[in-house]
Amino acid sequence: MAHSCSSASVADFLRHAAPRERALYCRFESMIAACGPYHVSPAKTRVAFQARVRFAGVHSVGPRGMVCAFALPTPLTSARFTKVAEIVPGWWGHWLRITDAAQLDGELQGWLRESYRLMGMQERLAGRRAQGPSAAGGRSRSKTTSSGRQRKRMRGA
């Protein structure tokens with residue numbers, strides 16, 4: 001995933017935002033907080049939200065509204081999405097533009113909770129680990145040790 005090595009803050013990200021846009025951002029972050037413990041990871045061009053890993057973010061805030069996104073293991077269909085794309089296998093991004101507080105509703109909260117649980121807390125991987133290598137799409141790796149024995153290492157374990 002993309003990242004930035006520069007120093008950034010939420011205040012920097014919201015520096016040019018009007019009060020309405022700041023309020024949208026604050027409400028979105030409060031919806032993230034309602035999902036469970038999280039970390040804010042600001043960068044120059046976006047603010048990401050993480051549990052164990054990143055699962056949602058705000059990509060822009062301005063006069064046209066706020067563009068936010070979240071990830072799920074499968075695509076959803078809704079007229080609310082401006083884009084749905086598979087970033088990597090099993091990691092679907094869902095983007096939407098929020099133009100007023102009424103759009104920060106129960107439906108979005110439900111999607112964020114699922115994203116937090118399945119992607120951010122990585123619960124989607126629990127079944128793969130329990131079922132063995134075939135459940136992980138055959139992505140197990142064998143490594144030969146210095147003694148010549150092979151041991152299996154599961155990706156993500």
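Two strands pair if DSSP finds at least two bridges between them. In this predicted model, strand β5 (residues 81–88) meets that rule with β6, since six bridges join the two and they run antiparallel.

Strand β4 (residues 65–72) and β6 pair in the antiparallel sense, over seven bridges. Here the residue of β6 that partners V67 is R97.

How enclosed is β6 (residues 91–98) by the rest of the structure? Six of its eight residues are buried, so strand β6 is largely enclosed.

Q109 has a relative accessible area of 12%; buried means under 20%, so Q109 counts as buried. Leaving aside residues up to four places away in sequence, Q109 touches M31, A34 and C35.

C35, one of those contacts of Q109, is itself buried, with a relative accessible area of 15%. Another cysteine, C26, has a relative accessible area of 48% and is therefore partly exposed, as this value lies between the 20% and 50% cut-offs. Which count of disulfides results when a pair of cysteine sulfur atoms must lie within 2.5 Å? By this rule the model has zero disulfides.

How values were computed. Residues numbered from 1 in each chain as written. Predicted model: local features only at pLDDT ≥ 70, side-chain atom pairs only at ≥ 80, totals over all residues. Heavy atoms only, no water. Buried < 20%, exposed > 50% of the residue type's maximum accessible area, 1.4 Å probe, protein only. Contact = heavy atoms within 4.5 Å. Helix = DSSP H or I, 4+ residues; strand = E, 2+ residues; numbered from the N terminus. Disulfide = S-S within 2.5 Å.
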